[in-house]
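Please study the sequence and the model before reading on.

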Amino acid sequence: SALRCAGYVASILNVDTERISNAQVLARIKSMAPKHIGFSGIVAPSYKYIKDLSNQAKALLPNTIQILGGGLSSAPQPIFKNTAIDLIVLGEGDVTIVELLKCLDAEENLNTVAGIYHRGAEPFQFTGRRDLIKNLDTLAYPAFDLVDMDTYIIDGVDFIHRFTRAIKDPRIYNRTRSRRMITITTNRGCFGECSFCFRAYRGLRLQSFNYIFCTIC
């Protein structure tokens with residue numbers, strides 16, 4: 001959404017939901033002929049796929065710049081050592097990715113973009129953490145049209161029962177109502193500091209009710 005608001009054309013390929021092979025992914029990427037390729041994924045299960053795909057994509061499209069975000073951004077050393085990733089965006093990427101692409105387009109100094117790792121120095125260089133986005137309502141709404149929403153719509157009753165069966169509200173079980181449901185973002189961050197969980201930044205920030213209601217309307 002942030003890229004589209006800045007005038008860029010963006011596409012999303014969710015390998016996890018489509019369950020396609022690396023060869024199929026590379027064929028899709030080649031047909032798109034992108035100027036930049038973005039990678040993201042959950043740390044443990046995604047590392048091998050991103051490592052293989054980034055190296056294969058670099059061999060296929062050597063001039064295409066590869067950018068990594070998400071959980072793996074906290075491990076720049078193995079990423080730069082074992083993958084073909086050119087740049088890493090740490091933490092929230094909404095503002096950073098737009099500034100980064102504009103910087104690349106203008107061929108300016110990457111050190112002017114806060115919140116990234118790049119290969120400018122051995123083994124890599126970090127430009128420092130970017131301040132958190134204080135007002136989440138300033139962000140564009142998610143680009144739901146770029147993905148197949150049916151892959152994310154779940155059975156609402158089954159979802160609720162994963163957490164509790166104590167809810168007695170009869171509307172939940174009304175057969176005349178659709179059970180189709182999708183989760184939406186209402187905040188960022190977390191108040192906890194669990195040792196088993198990755199968080200790039202601490203603290204909890206909320207979106208307003210007006211923003212949330214407009215998202216689902």
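How many nonpolar, polar and charged residues does the lining of the second largest pocket have? The lining has four nonpolar, two polar and four charged residues. Here Ala, Val, Leu, Ile, Met, Phe, Trp, Tyr, Cys and Pro count as nonpolar, Asp, Glu, Lys and Arg as charged, and the others, Gly among them, as polar.

The model is predicted: local features need pLDDT of at least 70, side-chain atom pairs count only at pLDDT 80 or more, and totals for chains, interfaces and linings use all residues. Residues are numbered from 1 along each chain as its sequence is written, and side-chain values use heavy atoms, with hydrogens and water left out.

**The pocket**

Among the residues lining the second largest pocket are Gly 156, Arg 171 and Met 181. Its largest share, three residues, comes from helix H7.

**The helix contact**

Helices H3 and H4 pack with their axes 10 Å apart, at an angle of about 45 degrees. H3 is therefore oblique to H4, a term for angles that are not under 35 degrees (roughly parallel), over 145 (roughly antiparallel) or 65 to 115 (roughly perpendicular). The residues in contact (heavy atoms within 4.5 Å) are tabulated here.

| Helix | Residues in the contact |
|---|---|
| H3 | Asn 22, Val 25, Leu 26, Lys 30 |
| H4 | Tyr 49, Asp 52, Leu 53, Gln 56, Ala 57, Leu 60 |

Six of these contact residues are nonpolar, two polar and two charged.

Methods. Axes are lines fitted to C-alpha atoms, for helices over the stretch in contact, and angles run from 0 to 180 degrees between N-to-C directions. Helices (H or I, at least four residues) and strands (E, at least two) are DSSP runs, numbered from the N terminus. On a 1 Å grid over the protein atoms alone, a cavity is a set of points where a 1.4 Å probe fits but cannot get out, and a pocket is an open set with protein on both sides within 12 Å along at least five of seven lines; lining residues have an atom within 4 Å of a point.
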